[in-house]
Amino acid sequence: MDKIIIEGGRRLCGEIEVHGSKNSALPILAATVLSGGKCKIHNCPALSDVDAAIQILRHLGCKVIREGHTVEVDSSVITVSEIPDDLMREMRSSVVFLGAVLARTGKAEISSPGGCEIGLRPIDLHLSSMRKLGAEITEEHGRLYCSLGNSLHGADITLSFPSVGATENIMIAAAVADGTTVITNAAREPEISDLADFLNGCGAKISGAGDSTVVIEGVKKLHGTCHTVIPDRIEASSYLIAASATGGRVCIKDIIPAHIGALIPVLSEAGCDITTSGRWICLSAPPRLKRVKMIRTMPYPGFPTDVQAIVGAMLSVADGTSVIIENIFESRFKHVPELMRLGAKISVEGRMAVIEGTKYLTGANVVAPDLRGGFALITAGLAAKGETVITGTQHLDRGYEAPEKVLRLLGADVRRINENDGTEKQQTRQLAENVGKPAGESAENRADRHSQEADN
């Protein structure tokens, strides 16, 4: 196991780019099962969740070749329709393979998915939707057995909650169903639109993705295609928030600013100056942040639950008291006790966290409880005085590609150590090697230059 060691107190300054969206790449990889041919997915992040998806594809019989951030999947032959427990437990979003496998083979056998323990993510919406599309589903000994009487057929499906995973599963399965499927109260996240773009590139007929009503006209079969995954809005948000906590100045390139629109007002209220231009976003934070009166997590385009923990860490060093209400998951404050070890003053009652900002945090040994909680601890460690040691890094590897290397680009004193032999872990990082730094220019000057470009 690894641990991340941070010597805090350094401002983050400079420019970076982010990898492709994890939450987009995973359903797209699952959807390649339907193509029956070769699909080439570009800008696919090197994450453990993506590795798990590739293992599932190979288990199903697909041929998968990975070169850097490009994954080629040949799904010409599918040999099995069941996914073993050990692969399902690797990640929460593995359930998105249900619609793809069922539509391709006429049956599917899965168990409950794994991943971060941030609260209940019942898959009842997935199962009820598959039933409306014509699937018969039974459960025995913790495994789900799905089959089709004849074939999938179109249906009108109204979701009681705009579930991202359920919307994706319906879109994938309905793409090759007989007739037309209409999803009402569909999830509106950018990753939904990206999946629709991929499926349409394969020959599907999907309209309305990104709105609350999505229409899928079933086609007989799909074909292979090439697709580039959208940038990861959550990763971009994470680094902007971390820079804010340190009073830094950063610019992120090759990002779609509109995708993080709900975060910008929060950072502005905290006193940050933010400029956007094309596919750039630049942030300049004050020496001491201001409080943010109230944050409520909501489905997109509302404030994302995935950055709630990280913003909470940032507000731990703000001037004043802030309140966060978590409306999506009931167990997404597991990181709070670890933040308090660093000196954060946070009280949690139910779904509400009250954060009393303190002038500084102090380094300590902490454990990442989950993916986003892990980055919250990184954010706090960057802002803290002294050394912070973070274990549980396997959670971070699910959604951040070598974050220690990215943070070092911004001037942080961060390293990853193998706990067994004490040696620094060596990882390749294309992002870190190709950030386009002009020779001889400091990180802070690069941030100033791009901030001026954004203003213009």
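Residues are numbered from 1 along each chain as its sequence is written, side-chain values use heavy atoms, and hydrogens and water are left out. Because this is a predicted model, local features need pLDDT of at least 70 and side-chain atom pairs count only at pLDDT 80 or more, while totals for chains, interfaces and linings use all residues.

When I say helix, I mean a DSSP run of H or I with at least four residues; a strand is a run of E with at least two, and both are numbered from the N terminus. Two strands pair if DSSP finds at least two bridges between them.

Let's start at strand S1, residues 2-7. What does S1 pair with in the antiparallel sense over six bridges? That is strand S23, residues 413-418, where Arg416 is the bridge partner of Ile4. S1 also pairs with strand S22, residues 387-391, again antiparallel, over four bridges. There, Ile5 sits opposite Val389.

Next comes an open sheet of four strands with mixed pairing, in the order S2-S14-S16-S15. S2 (13-17) and S15 (273-277) are the edge strands; each has a single partner strand, so one side of each is left without a neighbour in the sheet. From one strand to the next, the twist averages 15 degrees. S2 runs parallel to S14 (residues 249-253), joined by five bridges, and Gly14 has Val250 as its bridge partner. Lying across S2, S14 and S16 (280-284) is helix H8, residues 233-245, which runs at about 170 degrees to S14. For such angles, axes are lines fitted to C-alpha atoms, for helices over the stretch in contact, and the angles run from 0 to 180 degrees between N-to-C directions.

Cys251 belongs to S14 and Cys282 to S16, 31 residues apart, so the pair links distant parts of the chain.

Are these two buried or exposed? Both are buried, meaning under 20% relative accessible area; exposed is over 50% and partly exposed is in between, using a 1.4 Å probe and protein chains only. Cys272 is buried as well, at 7%. Cys226, by contrast, counts as exposed because its relative accessibility is 55%.

Now for a helix pair. H1 (residues 22-35) and H4 (residues 97-105) pack at about 5 degrees, their axes 8 Å apart. That makes H1 roughly parallel to H4, the word for angles under 35 degrees; over 145 is roughly antiparallel, 65 to 115 roughly perpendicular and the rest oblique. Ala30, Val33 and Leu34 of H1 meet Phe97, Ala100, Ala103 and Arg104 of H4, with contact meaning heavy atoms within 4.5 Å.

Last stop: another open sheet of four strands, ordered S17-S18-S20-S19, with mixed pairing. Its edges are S17 (294-296) and S19 (345-349), each pairing on one side only. Three bridges join S17 to S18 (residues 321-325) in parallel, with Met294 opposite Val323. Helix H10, residues 308-315, lies across S17, S18 and S20 (352-356), at about 170 degrees to S18.
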